[in-house]
Amino acid sequence: TLVIVTSDNGMSFPRAKANLYEYGIHVPLAIQWPKRIPPGRTINDLVSLVDLAPTILEITGIEHTGRFPMTGRSILSILLSEEEGVIDPSRNGVYSGRERHSSSRYENMGYPARAVRTEEYLYIRNFAPERWPAGDPQKYEEDGTLGPMHGAYHDIDPAPSLTLLVEGADDPELSEYLTLAVAKRPAEELYRIVDDPECLYNLAKSDEHQGILRKLRQQLERYLTETGDPRMGSNGEVFETYPRYSPIRLFPPPE
């Protein structure tokens, strides 16, 4: 029996789940197949959950019909290898995206963003930097009155950590962390993951990192174009047109 243990998202904390930062996209992955996979190894190849479907098809000997193209690649050869560390260096990036996570903004707008994660860096493209990444700060209550500031960050799961930050919005020590979680973000972000996994130091404006910024920007745009991502064309707003069948919260219009 092949056993795969993983997660559908990062930790449900502010600036983690529902974000394209390292703690939002880097999820656990442990795989065991006693008679085939050499045990006790740590593999550092860049793999994604989209690689699991082609892996399972290859293991079971089922041929993919090709009706819906797969963007992932089987990791079977990596699993069967006896090596550790990076086994397949041709895997030069994993990709992630974000659109609408919950009803968190005016007229149910989302937060469109895409990212590429390489061995050293994480590059993020925010397509609507004028929007609030964690949701609009205020919403209308059921009686029609406007709720309190910082009371409507619905792209963050309700939790003691969020409550602590909101209640400490005026606390000099805590306000910095609230800002990191909810403040508006630039159109481009670049982080050197190997020494900044918390994604605190945006290098997109650093003269020293302009070469890697251009390289990852081109790599991401090439992948999005090859996979037909609407955000690379004139139809990116199609994501805003899909109806939501659960209740929609009401927010004041953007300034």
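What volume does the second largest pocket have? About 420 Å³. Before going on, some ground rules. This is a predicted model, where local features need pLDDT of at least 70, side-chain atom pairs count only at pLDDT 80 or more, and totals for chains, interfaces and linings use all residues. Residues are numbered from 1 along each chain as its sequence is written, and side-chain values use heavy atoms, with hydrogens and water left out.

Back to the pocket. The search runs on a 1 Å grid over the protein atoms alone; a pocket is an open set of points with protein on both sides within 12 Å along at least five of seven lines, and a cavity is a set where a 1.4 Å probe fits but cannot get out. Lining residues have an atom within 4 Å of a point. Points are joined across faces, edges and corners, and a volume is the space filled by probe spheres set on them. The second largest pocket has 17 lining residues, and Trp132, Asp136, Pro137, Pro254 and Glu255 are the closest to its centre. The lining splits into 9 nonpolar, 2 polar and 6 charged. Here Ala, Val, Leu, Ile, Met, Phe, Trp, Tyr, Cys and Pro count as nonpolar, Asp, Glu, Lys and Arg as charged, and the others, Gly among them, as polar.

Next, salt bridges. The rule is a side-chain nitrogen of Lys or Arg within 4 Å of a carboxyl oxygen of Asp or Glu. How many salt bridges does that give? The count is 17. Take Glu22 and Arg117, with closest N and O atoms 2.8 Å apart. Glu22 sits in helix 1 (residues 22-25) and Arg117 in strand 4 (residues 113-117), so the pair ties together parts 95 residues apart in sequence. Helices (H or I, at least four residues) and strands (E, at least two) are DSSP runs, numbered from the N terminus.

Are these two buried or exposed? Buried means under 20% relative accessible area, exposed over 50%, and partly exposed in between (1.4 Å probe, protein chains only). Glu22, at 5%, counts as buried. Arg117, at 12%, is buried too.

A second pair is Arg105 with Asp155, at 2.7 Å from N to O. Arg105 is in the loop between strand 3 (94-98) and strand 4, Asp155 in the loop between strand 5 (121-126) and helix 4 (160-167), 50 residues apart. Both are buried. Now Arg192 and Asp195, at 2.6 Å between the closest N and O atoms. Arg192 is partly exposed at 25%, and Asp195 is exposed at 52%.

On to helix 2, residues 52-60. Leu52, Pro54 and Thr55 are buried there. Gly61 follows the helix, with a positive phi near 75°.

Last, cavities. There are 2 of 30 Å³ or more. The largest has a volume of about 40 Å³, and its lining includes Tyr21, Arg98 and Arg185.
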